[in-house]
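My notes follow in the order I looked things up.

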Amino acid sequence: MKAAFPRLGPYWSRSRRKGGATMATSAGYESKQPDANGLYPYSPEEDAVWGELFTRQIAALQGKVVPDYLAGVHTLGLGPARVPQIREIDARLRAATGAGVEGVPAIIPPKQFFGLLSKRKFPVATFLRRREHMDYIEEPDLFHEVFGHCPLLTNPDYADFIEGFGRKALSLGKGYSWHLFRLFWFTVEFGMIRTPQGLRAYGAGIVSSPSELAHATGGQARMQPFELETVLRTPYRIDIVQPVYFVIEDFAQLAALLEVDFGAAIDAAKAKGDFAPLFEAA
């Protein structure tokens with residue numbers, strides 16, 4: 001079973017440029033380019049698609065997402081009227097936590113991705129899905145990036161974690177990348193959090209996906225307390241709803257991870273080996 005808005009992999013494996021031109025995604029999308037004022041051209045149809053996606057998902061999230069996320073939606077001024085502009089989001093994030101966003105092609109090299117994170121900036125793909133892909137698109141689009149990721153960048157601890165993750169990733173070699181992917185996957189993309197009202201979603205892959213949200217918050221999914229070594233030893237698949245989610249107690253727990261020696265933690269996880277997958281091989 002495929003998730004509604006799955007990811008082909010983290011941002012650093014998504015796109016490439018050839019001869020200075022942005023290559024199309026597997027679904028034929030191309031990244032948009034800004035004008036002289038930094039504004040990206042979105043059509044009335046794209047505004048309508050954004051509005052339908054926003055309205056549907058924001059309603060589904062009520063009582064299922066961490067309150068900090070909804071506060072972030074308000075802080076960023078997100079709404080259904082039109083596709084938001086990257087420069088507006090960037091300005092509001094700078095005012096809130098010193099974070100920001102930068103428009104990128106659908107795929108960027110790992111070093112560029114980590115470099116942006118290390119500067120407290122999140123990369124944002126600039127294309128928006130077409131109507132025929134409302135429920136499923138292979139590559140992460142602007143809806144996933146902005147609606148899924150950006151609201152929580154208004155939380156200082158979360159923004160600290162994103163920045164610190166980027167810095168640590170830049171300092172480690174390629175041999176550590178796959179385990180870093182796992183940490184990113186089970187937190188930023190598919191993390192759950194404990195609140196006084198119960199478990200709530202915060203990962204962008206849950207927040208932006210109707211099927212993943214229903215699965216993660218329906219009471220049947222497997223939940224485990226977040227423990228770094230366990231996360232680093234847990235395989236995942238990108239084209240299914242997740243069989244396991246890891247639960248943090250608060251965003252300060254994420255920020256505290258930055259005190260850990262990631263290299264040593266990954267070495268220890270490698271020495272013990274992976275856990276048996278909780279899914280069938282693709």
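I began with helix α5, residues 142-149. I listed its buried residues: Leu142, Phe143, His144, Glu145, Val146, Phe147, Gly148 and His149. Helices here are DSSP runs of H or I with at least four residues, strands are runs of E with at least two, and both are numbered from the N terminus.

I noted the ground rules next. Residues are numbered from 1 along each chain as its sequence is written, and side-chain values use heavy atoms, with hydrogens and water left out. This is a predicted model, where local features need pLDDT of at least 70, side-chain atom pairs count only at pLDDT 80 or more, and totals for chains, interfaces and linings use all residues.

I checked confidence. pLDDT is the predictor's confidence in each residue, from 0 to 100. The protein chain averages 91, and 91% of the residues score at least 70. Over residues 1-23, pLDDT stays under 50.

I moved to helix α6, residues 156-171. Its 16 residues should span 22 Å at 1.5 Å a residue, and the end C-alpha atoms are 23 Å apart, which agrees. The expected span is 1.5 Å times one less than the number of residues. At the start of α6, a side-chain oxygen of asparagine 155 comes within 3.0 Å of the backbone nitrogen of aspartate 157. Among the buried residues of α6 are Tyr158, Phe161 and Phe165.

Is it buried or exposed? Alanine 159 counts as buried because its relative accessibility is 1%. Beyond four places in sequence, alanine 159 touches Thr97, Ala99, Arg120 and Leu153; contact means heavy atoms within 4.5 Å. Its C-alpha atom is 9.4 Å from that of glycine 100, 59 residues apart along the chain.

I then turned to glutamine 242. It sits in the loop between α10 (228-232) and β8 (244-248). Glutamine 242 also counts as buried, because its relative accessibility is 1%. Leaving aside neighbours within four places, its contacts include Trp185, Phe186, Glu212 and Tyr236.

Conventions:
Buried means under 20% relative accessible area, exposed over 50%, partly exposed in between (1.4 Å probe, protein chains only). A polar contact is a pair of N or O atoms within 3.5 Å; within protein, one must be able to donate a hydrogen and the other to accept it, and residues adjacent in sequence count only if both atoms are side-chain atoms.
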